[in-house]
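Trainee: I have a fold open in my viewer. Please show me how to read its features, one at a time.

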Amino acid sequence: MQQGSIIRSERKHGPAVWQFRWSDIGPQGQRVYRKRVVGTVEEYASAQAIRDSVKGLIAKPRSRDDLRMKPVAMTVADLCQHFQQRELVHDDNWRSYSTRRNYSFLLDRWIIPRWGDYELSEIRTIEVESWLRSLARARSTCAKIRNLMSVLFNHAWRYELFDRNPIKLVRQSAKRRTAPNVLIPTEIKLLLDNLALRERTLVLLAASTGLRQSEMFALKWGDIDFSQGTMNVTRSIAYGIVGRCKTEASQKPVPVHPILAAALTHWRDHCRYREPDDWVFANEHHRGHHPYWGQVILRRLIRPVAERIGIKKRIGWHTFRHTYSTLLRSVGTEFKVMQELLRHSSLRSTIDIYTQAVTPAKHAAQAAVLSLVFPTEQAGEVQSAEREHSKS
């Protein structure tokens, strides 16, 4: 029984199934007999194929001396409920609203349906890893599921409900199978020339600052200092809920180039809501109390224009952030400056501690990107915009 046994089990409906039975050491040190349906007789033609698929189920026997704790017998579904009641409550400031929402979705859609009936001691590293690899989902989605399962077991460990984290050694890459779409400067310029004022301002803002969608639509006029040429990103908005930024690094000031400052000033002149506490992209249908919904503008107005003018790439708000990053690299921007312009948490610990990017370097890097979009023949317009900006 130590190596387990395989039994054929008939069913009233459908093909017969293979059932694997084995013994294990329970959380209190007692011997526990377990069983698991592996698959149908059609899926597994030989006993060796079945044993190869259940290698991760049989754990190395543990002695009573190895049991430093006596965890409570608990299922994964019970742990998820415990986690939700303590970590995903509405008044929790530890995680943003969007993170709590995404966690709840992953729990209900993937983790509880597949693992909910398992006891915590039954979860095996290899079994979880094999399951993740079998999911027909993007690697980033599988990585999010894996990371949330790890968070769950750390939660159980913290509350002394379990004594280890079997997900710690689960391997799951988050690397994209295909590179994200990136626009070239001529495509950005062509798109800007064919958009209406509001959409043109949004695209220029996204392409010249790399702001995330949640940060861009959470901007208020008081966040923009036209005299200093900077923008303070202090909040984000997701699913209509205003919250804090993704990371502390996200709250660093963003440089505003004279071309962008002129475009924002032009947009403000056409806005009904232009007070410091008003949204930069206030929704007039809601009397300015809420900003526009970014996905609606993207889907109904920006993508159709892009398709009409011959841009075949799939465009999302994050496309402009990827584009900004790529263009920064193409003009030779230092990595530290790129990190601060994109407001990432870290590049490398040593660089974070010993290197500081000066503000002029940020402005110069941003100007170099915009010079790709606005070629040299428009230098007069750029200089004019700079003079107007310096006067304001």
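Mentor: Start with Phe320. Leaving aside neighbours within four places in sequence, Phe320 contacts Leu183, Leu191, Val203, Ala206, Ala207 and Ile315. Contact means heavy atoms within 4.5 Å.

Trainee: What should I know about the model before going on?

Mentor: This is a predicted model: local features need pLDDT of at least 70, side-chain atom pairs count only at pLDDT 80 or more, and totals for chains, interfaces and linings use all residues. Residues are numbered from 1 along each chain as its sequence is written, and side-chain values use heavy atoms, with hydrogens and water left out.

Trainee: How do I read a nonpolar core, and which residues of the largest one touch the most other members?

Mentor: In soluble globular proteins, nonpolar side chains tend to be buried together. A nonpolar core is a set of buried Ala, Val, Leu, Ile, Met, Phe, Trp, Tyr and Cys residues joined through side-chain atoms within 4.5 Å. Buried means under 20% relative accessible area, exposed means over 50%, and partly exposed is in between (1.4 Å probe, protein chains only). Here the largest core has 59 residues, and Leu191, Phe217, Met231, Trp317 and Phe320 touch the most other members. Helices that each supply at least two residues of this core include α6 (185-194), α7, α10 and α11 (317-330). A second, separate core of 30 residues includes Phe83, Leu106, Leu107 and Trp110.

Trainee: How are helices and strands assigned, and how many are there in the protein?

Mentor: Helices (H or I, at least four residues) and strands (E, at least two) are DSSP runs, numbered from the N terminus. The protein has 15 helices and 8 strands. Of its 392 residues, 46% count as buried.

Trainee: How do I describe two packed helices?

Mentor: Two packed helices are described by the angle between their axes and the distance between the axes. Axes are lines fitted to C-alpha atoms, for helices over the stretch in contact, and angles run from 0 to 180 degrees between N-to-C directions. Take α7 (residues 197-209) and α10 (residues 294-308): they pack at about 110°, with axes 11 Å apart. So α7 is roughly perpendicular to α10. The cut-offs: under 35 degrees is roughly parallel, over 145 roughly antiparallel, 65 to 115 roughly perpendicular, and the rest oblique. From α7, Arg198, Glu199, Leu202 and Val203 make the contact; from α10, Ile297, Leu301 and Ile302 do.

Trainee: Where does Lys313 lie, and what does its side chain pair with?

Mentor: Lys313 lies in the loop between α10 and α11. Lys313 counts as partly exposed because its relative accessibility is 28%. Its side chain makes a polar contact with the side chain of Glu187, at 2.9 Å. A polar contact is a pair of N or O atoms within 3.5 Å; within protein, one must be able to donate a hydrogen and the other to accept it, and residues adjacent in sequence count only if both atoms are side-chain atoms. Lys313 and Leu183 are 130 residues apart in sequence, yet 8.0 Å apart in space, C-alpha to C-alpha.

Trainee: Is Gln366 buried or exposed?

Mentor: Gln366, in helix α14, has 1% relative accessibility, so it counts as buried. A polar atom of the Gln366 side chain lies 2.8 Å from the backbone oxygen of Ser208.
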